[in-house]
Amino acid sequence: MNKKELNNLIKRYKNDMSCGDLRHIDDLIAALVIDDLTYLNDSILVQYGISNISLGLLLGVKEDKKYKVPSKDEVRTLKNKYERNIKLKLYNYTKQEDVAANTWIDMMLTTGMISENEKIIPSEYVLGNYVKDYQLSQLLPIEHKKSTGTSKEYIISGKGYSIQDSVNKILDLKKK
């Protein structure tokens with residue numbers, strides 16, 4: 001994951017939104033969540049894949065269970081707590097998933113996608129559905145799981161490869 005390019009995209013999306021261009025709201029949410037998930041390393045993205053990471057997974061809420069959206073004050077309090085723990089390097093007390101889930105909820109509240117105290121099903125909010133910009137998608141790892149049911153994964157960085165090159169590379173790896 002190229003953090004510099006991700007941060008540049010985040011700045012661009014925020015600038016677009018401040019100018020009234022709302023085309024990249026979903027991309028901004030995805031980029032901020034990905035930034036939080038990859039703060040220490042990108043193992044969560046590699047382990048689950050962008051299309052399998054849902055708000056429910058980050059919150060630890062089981063499928064089809066409802067979740068009551070906290071108030072903006074509660075979200076802000078948690079955000080301040082996480083930022084304080086990160087500044088003090090208390091990584092053991094702050095999980096990447098918690099910070100990312102809080103950012104996701106905060107952004108959805110800010111943009112009006114959800115409202116305070118609303119009951120939602122968090123497993124319906126999938127991170128891969130928020131990635132719409134081609135440049136953002138190119139920063140993410142392309143993955144392919146073997147269909148034989150084994151847990152072996154082939155991961156090729158999307159950076160520097162065309163989609164066809166990546167597909168060819170995956171097919172070559174599967175043959176081996």
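Helix α6 gives the most to the lining of the largest pocket, with six residues. This is a predicted model, in which local features need pLDDT of at least 70 and side-chain atom pairs count only at pLDDT 80 or more, while totals for chains, interfaces and linings use all residues. Residues are numbered from 1 along each chain as its sequence is written, and side-chain values use heavy atoms, with hydrogens and water left out. Helices here are DSSP runs (H or I, at least four residues), numbered from the N terminus.

**The largest pocket**
- The largest pocket holds about 500 Å³ of space, a volume being the space filled by probe spheres set on grid points joined across faces, edges and corners.
- A pocket is an open set of points on a 1 Å grid over the protein atoms alone, where a 1.4 Å probe fits, with protein on both sides within 12 Å along at least five of seven lines; lining residues have an atom within 4 Å of a point.
- Its lining has 22 residues, and D36, E83, I86, V99 and T103 lie nearest the centre.
- At least two lining residues come from each of α1 (3-18), α2, α5 (72-87) and α6.
- By class, the lining has nine nonpolar, five polar and eight charged residues (Ala, Val, Leu, Ile, Met, Phe, Trp, Tyr, Cys and Pro count as nonpolar, Asp, Glu, Lys and Arg as charged, and the others, Gly among them, as polar).

**α2 against α6**
- α2 (residues 25-37) and α6 (residues 96-111) pack at about 160 degrees with axes 8 Å apart; axes are lines fitted to C-alpha atoms over the stretch in contact, and angles run from 0 to 180 degrees between N-to-C directions.
- The two helices are therefore roughly antiparallel (an angle over 145 degrees).
- Residues in contact (heavy atoms within 4.5 Å) include L32 and D36 of α2 and V99 and T103 of α6.
- This contact has 11 nonpolar, three polar and two charged residues.

**α1 against α2**
- α1 and α2 pack at about 145 degrees, their axes 9 Å apart, and the crossing is left-handed.
- Among the residues making this contact are L6, I10 and Y13 of α1 and L28, A31 and L32 of α2.
- Nine nonpolar, one polar and four charged residues make up the contact of α1 with α2.

**α5 against α6**
- The axes of α5 and α6 come within 10 Å and cross at roughly 145 degrees, in a left-handed crossing.
- The contact includes V75, L78 and Y82 of α5 together with V99, I105 and L109 of α6.

Methods
Parallel < 35°, antiparallel > 145°, perpendicular 65-115°, else oblique. Left-handed = near helix turned anticlockwise from the far one by under 90°.
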